[in-house]
Amino acid sequence: IVPMIVHRSSTIGHVPLGVYSFGLLLYYFLGVPELMVGYMGDLWWLIFAWAILLVPVTVFLSRCAFVQRIFVNKVDRANQTQQRAMNEFYKANLNATEKSTGILLFVSLVDHQAVVLGDKSIAEKVSPEVWSEVIGLLVGGIHSKKMAGGFCQAIEKCGEILTPNFPKEPGNQNELPNKLIIKE
């Protein structure tokens with residue numbers, strides 16, 4: 001059982017354009033150009049100044065995790081987190097255990113997503129719905145600001161789930177690292 005935390009799984013390249021577009025729409029929707037011209041005369045250059053001033057504001061806002069979550073819908077975040085978890089599962093060689101019994105407990109912080117992946121032998125004997133309680137423990141630990149405790153509870157629960165189908169055998173070696181993996 002390998003726990004892994006990543007900063008982000010979803011792609012956010014489109015977020016600055018979305019924030020900038022929203023800022024321009026808000027500017028025009030509120031009628032700011034008309035108000036400015038009404039009070040200050042024909043100052044068309046203020047409209048362009050706003051468009052240019054909006055660039056650093058966009059850069060700043062686009063780096064905020066909250067704003068990123070607004071501009072990447074929940075389904076996309078879930079799908080991209082699932083895909084990243086699968087990629088990390090294979091990168092970490094969790095599929096290379098002798099009896100195909102590797103498990104990844106994966107948490108993507110910015111995306112507010114958690115995934116549990118089991119190797120072939122585990123997937124054959126344990127239904128995916130069983131992992132929802134493990135995911136609940138991970139997410140609960142994060143929400144209560146006790147991430148380490150959430151991971152410990154999730155690992156214990158994985159042990160309870162696996163013991164009936166995969167009892168400990170004499171001479172069974174631990175083939176995976178016993179450490180938390182943290183990635184960007």
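The questions below ask how the terms used for this predicted model rest on its values.

This is a predicted model, where local features need pLDDT of at least 70, side-chain atom pairs count only at pLDDT 80 or more, and totals for chains, interfaces and linings use all residues. Residues are numbered from 1 along each chain as its sequence is written, and side-chain values use heavy atoms, with hydrogens and water left out.

Q: Why are β3 and β4 said to stand at the edges?
A: The open sheet has 4 strands in the order β3-β2-β1-β4, with mixed pairing. β3 (113-118) and β4 (181-183) each have a single partner strand, so one side of each is left without a neighbour in the sheet. The twist averages 15° from one strand to the next; axes are lines fitted to C-alpha atoms, for helices over the stretch in contact, and angles run from 0 to 180 degrees between N-to-C directions.

Q: Why is β2 called largely enclosed?
A: Buried means under 20% relative accessible area, exposed over 50%, and partly exposed in between, with a 1.4 Å probe and protein chains only. In β2, 6 of the 6 residues are buried, so the rest of the structure largely encloses the strand. I103, L105 and V107 point one way, while L104, F106 and S108 point the other.

Q: Is I182 buried or exposed, and how do you know that?
A: I182 is found in strand β4. Its relative accessible area is 63%. The exposed class starts over 50%, so I182 is exposed.

Q: What makes a set of residues the largest nonpolar core here?
A: A nonpolar core is a set of buried Ala, Val, Leu, Ile, Met, Phe, Trp, Tyr and Cys residues joined through side-chain atoms within 4.5 Å. The largest such set has 16 residues. I103, L105, V116, W131, V134 and L138 have the most contacts inside it. β2, β3, α7 (131-143) and α8 each give two or more residues. α8 gives the largest share, 5 residues.

Q: Why are α7 and α8 called roughly antiparallel?
A: Angles under 35 degrees count as roughly parallel, over 145 as roughly antiparallel, 65 to 115 as roughly perpendicular and the rest as oblique. α7 and α8 pack at about 165°, with their axes 7 Å apart. The angle falls in the over 145 class, so the two helices are roughly antiparallel.

Notes. Pairing = 2+ DSSP bridges.
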